[in-house]
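Subject: Structure handover

Hello,

Here is the structure for your files. My notes on it follow below.

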Amino acid sequence: MVSLILQIFLLEIKEILFGNVTIEKGVSSQIDAVLEEDASFFVEKTKSSQVIQNVTFSESLEAPIEKGYVIGKVTYSIDNKVVKTVNIVASDTVKKINLVNMSTNLYDNWFNLLRKYYKSPFLQGFYFFFNISLHFM
């Protein structure tokens, strides 16, 4: 009597970040893409190196996008047989850009830029001199 023992182990795929996905007409131009759920499945030990991962994303994404919105899917297969399919979702919410958002971003960026350059010794001296000269006028 011959017995065949298959060595099977759990292939765990958790919390994978698939990088940044470009978003059009949004407050931010990119968003992180993550798995909707863990993509764990059992596979024979001899076939663990044959697992193929196929990732597909939506053609184009346009804001607004809510957190958890499906932006693609990942399929795991062995020997041309699909073992597991998991959705790829947006990790955050991206609002559609409008005039208020654009003006707020412009103001914040301009203010931070001025604050950054105000720390330079040259501009601190210039600002000090300019303030003094205005007081004497």
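Thr75 lies in strand 6, where helices (H or I, at least four residues) and strands (E, at least two) are DSSP runs, numbered from the N terminus. This is a predicted model, in which local features need pLDDT of at least 70 and side-chain atom pairs count only at pLDDT 80 or more, while totals for chains, interfaces and linings use all residues. Residues are numbered from 1 along each chain as its sequence is written, and side-chain values use heavy atoms, with hydrogens and water left out.

Thr75 is buried, with a relative accessible area of 14%. Buried means under 20% relative accessible area, exposed over 50%, and partly exposed in between (1.4 Å probe, protein chains only). Leaving out residues up to four places away in sequence, Thr75 touches Ile52, Gln53, Asn54, Val82, Lys84 and Thr85; contact means heavy atoms within 4.5 Å.

Glu37 sits in the loop between strand 3 (30-35) and strand 4 (41-44) and is partly exposed, at 42% relative accessible area.

Next, the backbone. Most residues other than glycine have a negative phi, and most peptide bonds are trans. The peptide bond from Ala63 to Pro64 is cis, with omega near 5°. Pro64 belongs to the loop between strand 5 (52-57) and strand 6 (70-78). Lys25 has a positive phi, near 60°, and is placed in the loop between strand 2 (17-22) and strand 3. Asn80, not a glycine either, has a positive phi of about 60°. Asn80 is in the loop between strand 6 and strand 7 (81-90) and is exposed, with a relative accessible area of 79%.

Last, the surface. Val27, Ile97, Leu99 and Met102 make a nonpolar surface patch of about 350 Å². Patches are made of residues with over 30% relative accessible area and no salt bridge, like charges being joined within 9 Å and nonpolar side chains (Val, Leu, Ile, Met, Phe, Trp, Tyr) within 5 Å. A salt bridge is a side-chain nitrogen of Lys or Arg within 4 Å of a carboxyl oxygen of Asp or Glu. Accessible areas come from the Shrake-Rupley method with a 1.4 Å probe; for residues, only the protein chains shown count as cover. Val27 is in the loop between strand 2 and strand 3 and is partly exposed, at 36%.

Regards
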